[in-house]
Amino acid sequence: MSDTVTKSLSDVERIKTASRNLRGTLAESLLDPLTGAIAADDTQLSKFHGIYQQDDRDIRAERRKQRLEPAYSFMIRARIPGGRMTPAQWLAFDAIGQRYANNSVRITTRQAVQFHGVIKRELKTTMQGINASLLDTLAACGDVNRNVMAPASPASSPVFAEVQAAAQSMSDHLCPRTGAYHEVWLDKQKVIDTADEIEPIYGKTYLPRKFKAAFVIPPDNDVDVYSQDLGFVAIVTAGQLIGFNVMVGGGMGMSHGEVATYPRLASTIGFCPPHAVNAVAEAVVTTQRDFGDRTNRKHALLKYTIDTHGLEWFRDEVNRRLSQPLEPAREVGFTHTGDRYGWQSASDGLWQHTFFVENGRVADSESRPLLSALRAIARLNLGYFVLTPNQNVIIAGLSDADRTKVAYLIETFAIGVNSVTPLRGQSLACVGFPTCGLAMAESERYMPDLVSELDALLAKHGIADVPIVARMTGCPNGCARPYLAEIGLVGKAPGRYNLLLGASFNGDRLNRLYQENIDEASIVATLDVLLGEFAATRRDDEAFGDFLHRSGHVSATGTADDFHVAAVATR
Ligand code: SRM
Ligand code: SF4
């Protein structure tokens, strides 16, 4: 076990230890009519139940001036392994969004759904609505294994269903066993005494920090497997799934100016057969449970555990916990991270359609009534929905006749993708203002406008058809995985961003800081020059990120300096 001494444990460790397996005083907090908030310790515990306390930052200052408490509301995140939902579940979520949560359904970068703006007195009813749909929110947040990601496109591979099933199985295997969730939200009676309740994998203090896992089927890298704490890379031979390469230690988050924090690509430690997946996942999770740094939450992630102890040590420790050690990894390669829009057919002859959802926000706008359209499509009760890691929606499993019906609705509601440019289709933005308590700059609300500016540049230089991966976040935590974007924008202050450039198109190389703390005019001016040069000197199908490296505009050191030192700020 780790030699971490009790006195220096982080405060969240104290809260978890005292929580009686995540119960805390959540039930009492919900009953307190004097505030729209819950007790401070409960705000940490509620995360394990998929709930974040937030306040409307657009009106925070005004409320303070009026001596009112912040306009508290709650964000609820559902856990949806592999992003897979039935049409009935989509309809249930749509109804919850309309009734309790800002009239929208927000698809996340991990194939889950978030509801924003739920007020305290409607929290329990909303949670019960989610549960009635046979999905839940347990472990969608908190120091546990989060929503397990899996490839979103059935048409991408004959082993799609097998890999999605593996993701579901691993999600079940690593799910907390506490009865707290059922007691607090579903009014279920305690089945056994809390003192006798056992968390077989996590123990009483769960993990030192959040933990994220994903499955991927090369050559698509839609889940951004290099950004995950734990990645399973499907190895397919002659159409058969023979096993998975195992990757560990990826992560995006960092803090401005804190050089001990940095994004890290996951490293491959071996290969396992399909039946060993849950055992391998448990070995990785328990190694992190036992050796992760519980004294400093900024250093508690798996990537830092690995960098502290070394990759060889980590592999040995994982092997020690397995009945069969990992085998040598197989050769793999990836081509891209984005989604393919429109109609496609899978090897079983069934059809799918991928809808573009700008930054994951499914809502009705005058020009694009997407929420209503998806409602009408779900009401047909055909096939199934898959939420993608690129914040989009796929309707899949459609016969020829089903396709005709769905196509009719796509046309009726005019929600096709004809007007979506390659750049917009590849872009991601995190939520940011007004709900995210950590946002330093706009993200979801601003990215569409910036993409229009950048599209104009691409058109000017005659490269409007070149797909470029651009991602924006409102702070350096990295929720839209901006360090894996060819053009990454990371919020620093209102209207100001760090510009990071040069990740690969297939998601296997990080970008690096190019300019710090710049405004829109500087972002556009800088990219105008670089895109112009790219257009003039591009080799064959060269990607923008690769061009930036070849031309010497970006050179990575492979250290934290890549993200904290703007080597070319004076250009
Ligand atoms: Fe995230 C915290 C939103 C994916 C790294 N993230 C947050 C919070 C909960 C803010 C907070 O702690 O108060 C954000 C809520 C905003 C809001 O109002 O809804 C938030 N993260 C999101 C989502 C919704 C972004 C999106 O626009 O889709 C994504 C939800 C995924 C899900 O369904 O589970 C989301 N977050 C990510 C990812 C991408 C991924 O997992 O593939 C990352 C980078 C990968 C990683 O973890 O390294 C990410 N979020 C963070 C971090 C930084 C952790 C760290 O490295 O230190 C935080 C802050 C923290 O945990 O302290 C954070
Ligand atoms: Fe909030 Fe920062 Fe995550 Fe964006 S990247 S959602 S601003 S925590």
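## Around ligand 1

A backbone N or O atom of Thr-109 lies 2.9 Å from an oxygen atom of ligand 1, and a polar side-chain atom of Gln-54 lies 2.8 Å from an oxygen atom of the ligand; a polar contact here is a pair of N or O atoms within 3.5 Å. This is a predicted model, in which local features need pLDDT of at least 70 and side-chain atom pairs pLDDT 80 or more, while totals for chains, interfaces and linings use all residues. Residues are numbered from 1 along each chain as its sequence is written, chains are lettered from A and ligands numbered from 1 in the order written, and side-chain values use heavy atoms, with hydrogens and water left out.

Around ligand 1 there are 29 residues, counted as near if one of their heavy atoms lies within 4 Å of it, and those that come nearest are Thr-108, Gln-114, Thr-435, Cys-479 and Arg-481.

Strand β14, which covers residues 393-398, has 5 of its 6 residues buried, meaning under 20% relative accessible area with a 1.4 Å probe and protein chains only; strands are DSSP runs (E, at least two residues), numbered from the N terminus.

Two strands pair if DSSP finds at least two bridges between them. Strand β11 (residues 351-355) runs antiparallel to β14 and is joined to it by 4 bridges, with Phe-355 opposite Val-393. Strand β13 (residues 384-387) also pairs with β14 in the antiparallel sense, over 4 bridges, and here Leu-387 has Val-393 as its bridge partner. The hairpin of β13 and β14 has 5 residues between the strands, and in this hairpin Gln-391 takes a positive phi near 65°.

How values were computed: Buried < 20%, exposed > 50% of the residue type's maximum accessible area, 1.4 Å probe, protein only. Polar contact = N/O pair within 3.5 Å; in protein donor to acceptor, adjacent residues only side chain to side chain.
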